[in-house]
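Let's take a walk through this one together, looking at rings, a strand and a helix along the way.

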Amino acid sequence: MKLTLALLTTLLLGSISPARADLVAHFRFDDDLKDVTGQHDGRPVDPKLAPSFAPGRVGNAVVIEKVNAGIELANPSAIDFSRDFTLATWVNVGNYYAEMPVLFKGRADLTAAPDKFFGVFGIEGMQVHGEGQGEWITNFRASNGLVPNDGGWHHIAVTYRAAEAPHFTLYVDGQGKTPADKGTFRGGDFTLKPDAPDSVLRIGCRADGDTWRYVRSHLRGLLDELQIYDEALKAEDIRFLFEHPGSTTKHRGSVTFAPRFQFDPGHPWRPPFGVERVGLTPVIVQFASDTRPAPKHWLAAYREGKEVDRKALDVGGNSPFTARVTFATSPAPEDLVLLTKTKDGKTVEQARWKVERPALEADAKAAADPVMNPVDLGAILPPADWLVLGPEQQARVTVAAFSAKETISGAEVLAWFESDPNKSTKTAIELRQGVRTELNLTLPSPASANDRDTLLVALRDAKGRELWRKNISTMLMRGSPTLPAFGAIETKLRCDYPILSYSGPDEVTELSYDKSWAPERKDVVIALPNGSRFVFWRGAAYTPFWAGKHNTALNFEFAEAPRRPDGLDCIDAASDKELRRSRVEILESTPARVHVRWTAQPCDLNYKVWGETATEDFYFYPDGFGSRTVTLQTEPKAEYEIEELLILTPPAGYPLRVLPENLIDVLFRDGTKHELNFPLLDQERDYEKLLSGELPPLYRIRFGAREPLSAIYFNPGWTRLPSTAYRPFYSQGQMVTPFYWGNHLPLARRKPTGINIDDLAAMTPAHNAMMSWGHRRPKPLESRTADMPDALGVTRTMQVEKWAWLMGLSDADDARLLEWSRSFATSPKVEAEGARLQRPSYNTEHRATLLTVEKSEVTLTIKPITPSVHPVFELQNAPKTLSRVELGSRVLAANDYAWDGRVFWLNATLRDEATLRLTFRE
C-alpha cells in the first residue's frame with residue numbers, strides 16, 4: 001500500500017461524509033495488484049508478462065504497454081455493470097489514436113453482447129461501449145479543452161445511473177459531460193444489460209480476440225488509484241477525487257508523502273542509449289504531495305562520505321511533482337541527498353538514499369569506417385544495431401563497462417567474428433570500482449566468404465571467466481552496385497530481414513524478402529554528384545525517397561485517399577506491396593538529365609482498385625536538384641492527399657536516437673524564417689496558427705541527426721501551410737517519439753494505418769510522420785475534367801490534375817535556397833536567334849525553356865526576372881554535336897555545362913541579362 005510508514009509523512013483527515021456509496025474495489029498499484037477491499041485481487045492476463053511499476057500519481061502505478069499485459073480480477077460476478085456504478089482512476093497515456101480500454105467486463109475469447117468496456121479513445125476522447133447496446137464517445141478537447149492522453153496525468157471517471165437518463169456522465173480532471181450536452185463526438189446515451197454469467201473482469205485490455213486496426217485493444221501507459229463504487233457518484237464527489245489523489249469518498253482528506261527516489265530504469269526508445277548509458281546514474285525524485293514543493297531543491301551526490309556533484313531539481317509543472325536528473329560523475333555516487341532551502345535561507349537535508357545498481361554494466365556498438373551510404377554498398381535500411389561492412393571498410397568497436405561493487409584487475413575485452421573464432425582482437429581494460437571505462441578497437445576484415453557473419457564482443461576477467469558478451473549481426477557486402485557519378489541504374493538492394501504480413505495481432509507471419517516479388521521487379525537508384533541517392537525500393541511499394549548516408553530516409557508521401565465504403569483501410573499507392581500494378585521505369589539517364597517515372601493504381605489492403613492512376617515523374621540535373629511531378633487521374637469527387645513528410649527509419653532506429661531535434665526550417669520569400677524543433681507542437685495541430693509569412697515557403701528538412709545534407713522542398717502553387725502536425729508519443733510520462741511512428745510503411749503487408757505503436761514497430765523499418773498538408777493541395781499546373789478511359793479501360797468522367805515541386809539535397813545557405821525557389825517559380829524571358837520558342841515556352845516540371853532549332857548556330861538572350869539558377873534548355877531538332885558554347889564573351893569549358901543531344905544544362909546563375917551562343921555541327 002502507499003500509506004506505509006516509510007512513505008507516509010502526514011495524513012490529515014477532514015470531516016467524513018455520509019456513507020452514500022460503497023467502495024467495492026480499490027487498486028493502489030503500489031508494487032502489487034491487490035484490491036484494498038480484498039475482494040478482487042488481480043493477476044496478469046498473460047502469466048509470462050509480470051506486471052511492472054513506475055512512479056505514479058500517488059506512490060507507484062502499474063505499467064501496461066504490451067499486448068496482453070492487462071490484469072484479470074478475481075470474483076468478477078460480484079460487480080454488475082448493469083446497475084448504478086462509478087469507475088474512477090488516474091491515467092497517464094501517450095498520444096495514440098486507438099482504443100485504450102481501462103476496464104472490461106465480458107467474455108475472455110471475443111467481445112459479444114452484452115459485454116462492455118470503458119476507457120480512453122482516439123486522440124482526445126473518452127469512451128463507453130456496450131456490445132449490442134450502444135456506444136458513446138466524447139471529445140473533451142473540443143468541449144472542455146482537455147486532452148486525456150497527452151502524456152500527463154489525468155483523472156478520468158464514468159458514472160452510470162440505470163434508471164435515470166442521461167445514464168452516463170464522463171469526467172476528465174473533474175469536468176463532466178453527459179450525452180445530453182452539446183458537442184458529443186459519436187453515438188449517444190444507452191442502457192447497459194446485465195453481464196454475461198461467464199464474464200471476466202479485466203483492467204487495461206479487452207477480450208483475447210478483440211482488435212482495433214489489427215492491434216489488440218489495450219492500454220498504453222500508466223494506471224493508478226483505480227476505484228469502483230456501487231453507486232453513481234455526484235459531480236462534487238468526482239471533483240473531490242480529482243483534487244485529492246489517493247483519497248476515497250469516505251475518507252476525505254489530504255494525503256502527503258515523503259519524497260521518493262528511484263533509479264531510472266529507462267526505456268529502450270528514449271535516451272540515453274546503449275554505450276552512452278553505461279555508468280551513468282539516472283534517477284527520479286518524486287514529490288507525491290499535492291502541495292507544491294519549495295522552489296529550491298538540489299540533489300547532491302556522495303561517494304565515500306564526500307559530496308562529488310550537485311544538481312538543481314526542476315520541480316515545476318503539475319502534481320505529481322517529479323524531477324529527473326542524471327549524474328555522469330566518475331567515480332559514480334553511492335548515496336544521494338535531497339537538499340532544500342528553508343525560509344530563513346538555511347540549506348537542510350530532507351532525505352537520503354542509497355544508490356542500488358547492477359554489479360556490472362557493459363555494452364558495445366560497432367560501426368564501419370569510413371562511413372558509406374548503405375545504398376552504395378547495395379543495402380537498404382539495415383537494422384541500426386547491425387554492422388554493415390563493405391570490402392573497403394574496417395569494423396570499429398566501442399566498448400563501455402562499469403563495475404559497481406568491486407575493482408576487477410587484469411580484465412580484457414575480446415572481439416572476433418564467428419566465422420574465424422581463433423582470430424580475435426584483444427585489449428586490456430581497467431575496471432576500477434565505480435569508474436566508467438570506454439575503449440575502441442579496430443578489427444581486421446573477416447575471412448569469411450559468406451554474406452552474413454556475427455561479431456562477438458566479450459569481457460573476461462584475469463582468470464578467463466566471461467563476465468559479459470554481446471553478439472552483433474553483421475552484413476558482409478560482397479557485390480556492391482556500380483553507381484555512376486550522375487545517372488540512374490536498376491539493381492536489387494539487399495534486405496536481410498523478413499517481411500511481416502498481418503492478418504491479426506497474433507497472426508503475423510514472416511515472408512522471405514527475396515521471394516516476395518516477381519523476379520523481374522528491381523529497385524531503381526538515382527545517383528547525384530553531391531553523393532545523394534534517390535531510391536525507388538520494392539520494399540516501399542516504389543514510393544520514392546531520399547536515402548541518407550547515415551541510414552535514414554525521407555519520403556514526400558504519395559496519392560492517398562480516405563476510406564471508401566467498399567474498401568479496406570486507406571486507398572493509396574503504397575498499399576500495393578506486391579507491386580501488382582506499380583511500375584518504375586528509367587526514361588532518361590544522360591549526362592544532362594535523369595528522368596524516372598513511377599506509375600501506380602491506388603488500392604486498398606486487399607488490392608482492390610477503382611480505376612484511378614497516380615503517375616510521378618522525377619527529373620534531375622547535374623546540380624543535384626530536380627523536380628517531382630504528380631499527375632492524378634481520378635474520379636472528380638476524389639480527394640487524394642499528395643504531400644506529407646515521412647522519415648523512414650531502420651529496425652532499432654528509435655526516433656530519439658536517429659532524428660535531429662531541429663527538424664525543419666520554413667523559409668519565406670519576405671526573408672522571415674521559422675525553425676521547427678520537435679516536438680513540433682504541443683496542443684495546436686494547425687500550422688496556420690503557428691506560422692506566418694509570405695507564401696509560398698520553402699522547406700529545409702533535416703531527416704537524420706548526422707546527415708550532412710538537408711532535403712529541399714518547394715511548390716510555387718502553395719497557398720496554404722500544412723494542415724496537421726503530428727503529436728509526440730509518450731511512455732510513462734516521457735516522450736519516446738517526437739511524432740507518429742508506425743510500421744505499415746514500408747515493408748509490412750496488410751498492416752492498416754492508425755496512430756498507434758504495436759510491439760513490432762521497433763523490429764521492422766518504420767516511418768515517422770512529421771506533418772501533412774492533408775487535402776490542402778497546392779494550386780495545380782493544370783486541371784481538366786472529361787470523359788476518358790480509366791485505368792480499367794472503362795470510359796467515364798475523370799479528372800486529371802498535375803503539380804510540380806522543386807526538390808534536392810543541399811547544404812546551401814538560406815539566401816541561395818530562396819534563389820532556387822524563385823528561379824523555379826519564375827522563368828526568365830528568352831529571345832532566340834537560329835531557333836524559335838515553343839508554346840508554351842517554359843515547362844515547370846522539366847525546369848526547362850523549350851525551343852526548336854532551325855540553324856547550326858543558336859543565340860539566346862536571357863533576361864532573368866529573378867536570378868536564374870542553372871537554367872535548362874530543351875532543344876528539339878538540334879544537331880547531335882555541340883562544338884562550342886559561349887556565355888557572353890567567355891568560351892565555356894566542358895564542366896560548365898552538360899549536353900545529351902537534346903537537353904542543355906548550364907552550370908551558372910544568371911542575375912543580369914546574358915547572351916548564350918550554341919554552335920552545332922552534324
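**Rings, charges and a helix**

Start with lysine 608, which sits over the face of tryptophan 610, 5.3 Å from the ring centre. Keep in mind that you're looking at a predicted model. Arginine 352 does likewise with tyrosine 302: it lies over the ring face, at 5.4 Å from the centre.

Searching the whole structure turns up 34 aromatic pairs. Take phenylalanine 534 and tryptophan 546: their ring centres are 5.0 Å apart and the planes make 70 degrees, so this pair is edge-to-face. It ties together distant parts of the chain, with phenylalanine 534 in strand β40 and tryptophan 546 in strand β41, twelve residues apart. Phenylalanine 534 is buried at 0% relative accessible area, and tryptophan 546 is buried at 0% too.

Tyrosine 713 and tryptophan 805 are stacked, because their planes are at 5 degrees, with centres 6.1 Å apart. Here the partners come from strands β53 and β60, 92 residues apart, and both are buried. They also belong to one aromatic cluster, whose members include Trp718, Trp773 and Phe824.

Phe824 takes us to helix α5, where it is buried, as are Leu817, Leu818 and Trp820, among others.

Last stop: leucine 414, in strand β31. With 3% relative accessibility, leucine 414 counts as buried. Beyond its sequence neighbours, its contacts include Ser424, Leu456 and Arg460.

Terms used:
Residues numbered from 1 in each chain as written. Predicted model: local features only at pLDDT ≥ 70, side-chain atom pairs only at ≥ 80, totals over all residues. Heavy atoms only, no water. Buried < 20%, exposed > 50% of the residue type's maximum accessible area, 1.4 Å probe, protein only. Helix = DSSP H or I, 4+ residues; strand = E, 2+ residues; numbered from the N terminus. Contact = heavy atoms within 4.5 Å. Phe/Tyr/Trp six-rings, centres within 6.5 Å; stacked < 30°, edge-to-face > 60°. Lys NZ or Arg CZ within 6 Å of the ring centre and 35° of its normal. Lists of a residue's contacts leave out its neighbours within four places in sequence.
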